[in-house]
Amino acid sequence: LRYVDTEGAYADGAWHATADAAWRFAGFDPAPATAEVLVSLQDDGDRVAVTGIGGGGRISPLWMSGPLQVRRSADTLVLVEGSAREARDVARRAEAAVPVVRRVLPTWQRGLVVEVPASVDALDRTLDADPGTYDQIAAVTTSADGQLTPQSPVHVFVNPDVYDGLRPTGAQVVMSHEATHVATGAFLSTMPLWILEGFADYVALRDVDLPVARSASQIIAEVRKDGAPRSLPSADDFGTRTPDLGATYESAWLANRLLAQDGGQAALVRFYRDVDGGVPVGRALQTDFGLGVPAFTQQWRGLLQDLAS
């Protein structure tokens, strides 16, 4: 921590200061996270003590906020602002997510860091997000310091208000989905979200023994009600406050699953990497699957209609 400036002083000897902070979880973060944080201090006449870190319209790193439950394995580091039981459960799912991802992406070797604030409000403070941003989201993968650079450490941040209400299988799928985002560097990607999110769900659900009617129940209900969507999901369809967000994710998963069934998993991984590297979607579809966007969209719509019939 490096002192930058005083934010304000009070008559009782308390004041705030801004500080440049740098931190790194050895063995997991390739480079330090860096951010300006608010530090609360108290002068009692004999000494000055730090009484808190965070707030003031800046990110509030979870590990600086107070005591945490910490679980570490060779491949995972889990920090939980909660009970020992919650930490054990999250750690077990994080450890299970790593081999799930490596079965599809075997070159990913860096470990997984998962942070669990006490509530969605605490999550908003940790990430300096607007209230309500993550109300519907069980977890999000993003940089630990709020910066969008290739060097920024990327962690999974869990919203316990949603995640804790999931069934065990659903909670594991969420963790494996987010671990896929970590493995692919998805937080920096500009690819269409139907590929980015659908691929992560493909990896997470690949070995899960659930019928499609259950895994895709929300989009099936939407198709029965309104018919199949005319086009693949847009960025707007993935808005965190979109009412039918679950159906959108399921439709994107089905699109990626369809590609894997048509051309094989290796072709799907190659397609993902091609688009992530800047190849236009239409060209990548043609190269990797011999399909144009209209033809693939029609196949996908047909699949949705069949499932809803």
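Ala-139 stands opposite Val-158 in β9. Strands β8 and β9 (residues 154-158) run antiparallel and are joined by five bridges. They belong to an open sheet of five strands, ordered β5-β6-β7-β9-β8, with mixed pairing. Its edge strands, β5 (69-72) and β8 (139-143), each pair on one side only. Strands here are DSSP runs of E with at least two residues, helices are runs of H or I with at least four, and both are numbered from the N terminus. Two strands pair if DSSP finds at least two bridges between them.

This is a predicted model: local features need pLDDT of at least 70, side-chain atom pairs count only at pLDDT 80 or more, and totals for chains, interfaces and linings use all residues. Residues are numbered from 1 along each chain as its sequence is written, and side-chain values use heavy atoms, leaving out hydrogens and water.

Helix α2 (residues 84-102) packs on the sheet and touches β5, β6 (76-80) and β7 (112-116); contact means heavy atoms within 4.5 Å. Helix α3 (residues 120-127) lies across β8 and β9. Its direction makes about 155 degrees with β9, on a scale from 0 to 180 degrees between N-to-C directions, with axes fitted to C-alpha atoms, for helices over the stretch in contact.

Another packing involves two helices. Helix α8 (residues 217-226) and helix α12 (residues 293-308) pack at about 90 degrees, their axes 9 Å apart. This makes α8 roughly perpendicular to α12, a label for angles of 65 to 115 degrees. In α8, Ile-219, Ile-220, Val-223 and Arg-224 meet Leu-304, Gln-305, Leu-307 and Ala-308 of α12.

Terms used. Angles under 35 degrees count as roughly parallel, over 145 as roughly antiparallel, 65 to 115 as roughly perpendicular and the rest as oblique.
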